[in-house]
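Biologist: Please take a close look at one helix pair in this model. Place it in its chain before going into the contact.

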Amino acid sequence: MEGTIFDIKHFAVHDGPGIRQTIFFKGCPLRCWWCHNPESQNPKPEKYIRTNKLDGKEFKKETEIGYRVTIEELFQTIQGDKIFFEESGGGVTFSGGEPLLQADFLYKILGLCKNDGIHSCVDTTGFASLRTIQRIAELTDCFLYDIKITDNNLHEKFTGVPVHGIIENLKWLDQNNKNVILRFPVIPGITYTKKNITKIKLLLQSLKNINQIDLLPYHNISNGKYNRFKIENKMKDTKPLSDEEMLKIKTEFESVGFKVGIGG
Amino acid sequence: MNSRIKKLRNESLTAVNRLSAERAMLVTEFYKSDIANQVSIPVKRALTFKNILENKKICINENELIVGERGPAPKATPTYPEVSLHSLHDLEVLNNRPKVWFRVDDETKKTYKEEIIPFWKANSQRDKMFVLLPDDWKAAYEAGIFTEFQEQRAPGHTVAGKKIFQNGMLNLKKEIQESIEKYQNSDDPKAQDKIEELKAMNIAADAIILFAHRHAEELDKLATIENDSNRKAELLEMARICRKVPANAPETFHEMLQHYWFIHLGVITEVNPWDSFNPGRLDQHLYPLYKKEVENGTLTKESTTELLQAFWIKFNNHPAPPKMGVTALESNTYTDFSLINLGGVKEDGTDAVNELTYIILDVIEEMRILQPSSMVQLSKKNPDDFIQRAIKITKTGFGQPSIFNTDAIVKELINQGKDIVDARNGGASGCVETGAFGTESYILTGYFNLNKILEVTLHNGIDPKSGKQIGIKTGDPREFKSMEDLRQAYNKQLNYFADIKLNGNNIIEKLYAEELPVPFLSLIIEDCISNGVDYNAGGARYNTSYVQGVGLGSVTDNLTSIQYNVFEKENITMDELLKAMEANFEGYDQLRHDLIYETPKYGNDDDYADQYAVKVFEMFYDAINDKPTYRVGKFRINMLPTTSHVYFGSVMKATPDGRKAFEPLSEGISPFQGADKKGPTAVLKSAAKIDHLKTGGTLLNQKFSPTFFKDEKSIEKLGHLVRSYFRMDGHHIQFNVVSARTLRDAQKHPEKYTDLIVRVAGYSDYFNDLGEDLQNEIIRRTEHEEI
């Protein structure tokens, strides 16, 4: 069985506990305006021109982002970093894109990891059927679960999909006491509005078991990627928030009993 | 830092490096005396040592707590004409060179011209060596196949062990007497030689006691004219200490530091051993006295810190004796490689980290000076606090302390046949070199250019730079049918040059054993006294001679490139590749691009490339390891470059990895600058594929931008990263933490960055003191990390 991924990051330190290997799945049903990995959206490998510089000269080469990988190959790569996982209490994180878009592939690889004692996280938008969430929850040790906007219309506007299924899935995970760390991308004017923050706080309060959230600050490092992959960049004029503003949000979420991290 | 230390530190930092002819004159004067020609060589050397210590100027700096300078003043650096003689031209170069200079005044030049040069010309060890070394050695040396450490500096690389911290010279004199009696009543055919050596050791022991007493007298004098009553009391206490140590075993913290310092000065005055001398496991040696005195109330945390800081400054006052020519290229720095070891395990194998370990780490962080260098030994038995504290200091960006794997060091030493207790009392010194402290003479003999040998192989034994046939004929590489053909040819060349190097080493070892014994150093390293044999002649319990492999990353990339581009993908023929290299890739831009960007490289946990690191490592190991030395020890390998990867690159034309002619090679076992694209875990996994336990040390430099160390969590994860590497038997890792932007600015405005210290390779140095090549190389490494 094969899956499509577009990158593997070794020594990832912001995607769950310990030293992690993060596998980036290709393909995402969402189109978030602020997406940091626009190259992850299309589920198929894509061609692009890569430019290398050498002594001031440019060398262009057509190449592809994204490649097919077998379960066995991928698992071998994961196992290669096992010593780092063991020493640090780390493991593998499946991110994307949206890993749940390749649920069967994900399910199989999670099974192999579990069997081998490798800790796993699934970094998801939560946009999937409840059945899919339930299947994956059998095998993964932890969800990194995005929560962006609670208003359905706004969610649809800024991400392209409705939010209620995402919230339903989250509630199921909470009720069934699954290990979930929420992640809140702080996007000025979109997720970071007075109204949305208040509503997110209400959502947090409604959760019984989940009590941890990481704030992901917006940054505009991806502008280059938008150009390279010829994707419309709706955010290029947005400025990142200051550290003080981030701390303010941290305090707000702490006030409803959450453990809040900045930067994941 | 209190005001006294601040002032002393500042004086040390601003003292001018100058050359002093004092020692050279005292040595020459003695060698000319009648008595010098009537005694045995060891006794002559001991009397020379005594003549220096009896007559050299005593220097006591204002307000200092630990006394003794090798020269007449801080950073006044003596010369060693009996080892290597500086010509007048050399003195000019030293005075005028833009980096790592030593001021030479007219008086010194005059003394050299009239006294030193006429007497020593053709008589230094260096002169004698070059007469004895065969032509094949000289050809390889001149081509840059290897360097030779003992050409300008005496065999050294030793570290004080437990014994010398716990015994005074009077105890050693007793042992000497017993040993003399033993040999007087024995039928050992060498008994007479041994008795002469022991007599020499006895003279050397007396000489150092006398030297300490001269300090005591001077301190008494200063006390009588001192108006400040506190300082007066200090001076009298220091005088008392100098009368007690090193004659007797130290019994207070202050006494032990002063005791060691006299011994340190003795070692670096007797000759100029490579890597000066080193107190080794300082937290272990000092801890019992620290504990006792803290309990008694005679020592506080503040006074402990002040004494240690005063001790630190003494090291910084002593730059490495000036190096010249190729030796300056391979290791051009004021650093003299004293490497303080902290942590690790005790001799019973338990966790050795103690309260004092942390105090010393604080001292390192606060002092922020070049010398002494420092490292932590990390065993699986040490707590995480310890490694995290060390990483937090690294984060401040001056490259200290580096981190070593105690468990690997112990295994390396045991693999070499050492007793487990001696192994646990050991550590690393210099850059990364493994040794049994206090019981081993482990001499570094020279860097070995693994890439130049490949270059010669690719030219059928000819050095393409000079056009001379320096290697053997192993066939035209255009006729090679496979990598196996190339591998065999390379292996033949490697063995050919290894044999030349080892043969040269034996000639040089004999010369030092017979003509330049070191009776003082022999007092300190165990079993020289009971064996009645000099340190330089194999008297120590263990005797190892190391050859240092350089450029593993580059040679791996070069072989991988040939396999990938010539034999597998057939992108290019061997002939075309050689032509492109000969043309320094002029007109071959696309090819060079592909060699750099489209070819597998070492450092990415990719066996396709990494297999060649293992193959070359094993070939090098087999060519050197376990061969007998003149001193009846063993040759062994380690993998470190100091700055020789720049020199070795400068003797080479363009290479199959896309590197242009004369550019630096990779350093230590690190990947070539920019070749590692998968982050630190992949680098560590590649580096761990060679068997570190077969070496006496490997050096891995890992670059991080400062952002990486921003919070506790990241530091914890770096700690785990180190532990993972060590679980794979990695020997050593060091972090270079400084941004490329800072470095580039420093290159433009050196004046703003006079205190900027960066990690080079196995040691730290002032950025301003590095050659431009090396500066550029470090900037490139750093930039790569920041992407």
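Modeller: With 787 residues, a compact globule would have a radius of gyration near 28 Å, and chain B, at 26 Å, agrees with that (taken over C-alpha atoms; the rule is 2.2 Å times the number of residues to the power 0.38). This is a predicted model, in which local features need pLDDT of at least 70 and side-chain atom pairs count only at pLDDT 80 or more, while totals for chains, interfaces and linings use all residues. Residues are numbered from 1 along each chain as its sequence is written, and chains are lettered from A and ligands numbered from 1 in the order in which they are written.

Chain B holds 32 helices and 14 strands (DSSP runs, numbered from the N terminus: H or I of at least four residues for helices, E of at least two for strands). The pair in question is helix α2 (residues 22-32) and helix α5 (residues 106-120) of chain B, which pack at about 45° with their axes 10 Å apart (axes are lines fitted to C-alpha atoms over the stretch in contact, and angles run from 0 to 180 degrees between N-to-C directions). That makes α2(B) oblique to α5(B), since angles under 35 degrees count as roughly parallel, over 145 as roughly antiparallel, 65 to 115 as roughly perpendicular and the rest as oblique.

From α2(B), the contact uses A24(B), M25(B), T28(B), Y31(B) and K32(B); α5(B) supplies T111(B), E115(B), I116(B) and F119(B) (contact: C-beta atoms, placed from the backbone, within 7 Å). By class, the contact of α2(B) with α5(B) has five nonpolar, two polar and two charged residues (Ala, Val, Leu, Ile, Met, Phe, Trp, Tyr, Cys and Pro are nonpolar, Asp, Glu, Lys and Arg charged, and the others, Gly among them, polar).

How values were computed:
Two residues are in contact if their C-beta atoms, placed from the backbone, lie within 7 Å.
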